Amino acid sequence: MNIQIFGKAKSFETKKAERYFKERRIKYQYIDLGKYGISKGELTSVLRSVKLADLIDPKHPDAALLTYLAYDQDKVEKLLEQPTLLQAPIVRNGKQATVGYQPEVWKDWA
């Protein structure tokens, strides 16, 4: 397993995801979305498993602006420019990915 957790420093859901993997002694790499963002390749990989609408954080003040963008590619570009618009955590295991706290899915990855 090659687990990556893309999260936000003050996100309760991110902390729960980290705790899930720590308790099971599963190594993971943590990437702070606010500090480092997400690369285009990583986001493209996540989008193969997760719908674009599920990636957008509805609590973010600028989330409503994305609804005015007509094309999905424009929305992806905006997410790359402003990665804090992404819902956290995004947990990736190779080509598989989840958004939010989803231990029932992660259990099957082991």
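Is Glu-13 buried, partly exposed or exposed, and what is its relative accessible area? In this predicted model, Glu-13 is partly exposed, with a relative accessible area of 29%, because that value falls between the limit of under 20% for buried residues and the limit of over 50% for exposed ones. Glu-13 forms a salt bridge with Lys-16, with 3.6 Å between the closest N and O atoms, and both residues lie in helix H1, 3 residues apart, which is about one turn of the helix.

Strand S1 has pairing partners of two kinds. With strand S2 (residues 28-32) it pairs in the parallel sense over 5 bridges, and within S2 the bridge partner of Gln-4 is Gln-29.

The loop between helix H6 (72-81) and S3 holds Pro-83, which is buried at a relative accessible area of 13%. Leaving aside neighbours within four places in sequence, Pro-83 is in contact with Leu-33, Gly-37 and Ile-38. Pro-83 and Asp-32 are 51 residues apart in sequence, and their C-alpha atoms are 9.7 Å apart in space.

Side chains of opposite charge can pair when their charged atoms come close. The count of salt bridges comes to 4, and one of them joins Asp-57 to Lys-8, with the closest N and O atoms 3.0 Å apart. Asp-57 lies in the loop between helix H4 (52-55) and helix H5 (63-66), and Lys-8 in the loop between S1 and H1, so this pair ties together parts that are 49 residues apart in sequence. Both Asp-57 and Lys-8 are buried.

Glu-77 and Lys-40 also meet through their side chains in a salt bridge, at 3.4 Å from N to O. Because Glu-77 lies in helix H6 and Lys-40 in helix H3 (residues 40-47), the pair ties together parts that are 37 residues apart in sequence. Glu-77 is partly exposed, with a relative accessible area of 31%, and Lys-40 counts as partly exposed at 46%.

Methods. Residues are numbered from 1 along each chain as its sequence is written. This is a predicted model: local features need pLDDT of at least 70, side-chain atom pairs count only at pLDDT 80 or more; totals for chains, interfaces and linings use all residues. Side-chain values use heavy atoms; hydrogens and water are left out. Two strands pair if DSSP finds at least two bridges between them. Helices (H or I, at least four residues) and strands (E, at least two) are DSSP runs, numbered from the N terminus. Buried means under 20% relative accessible area, exposed over 50%, partly exposed in between (1.4 Å probe, protein chains only). Contact means heavy atoms within 4.5 Å.
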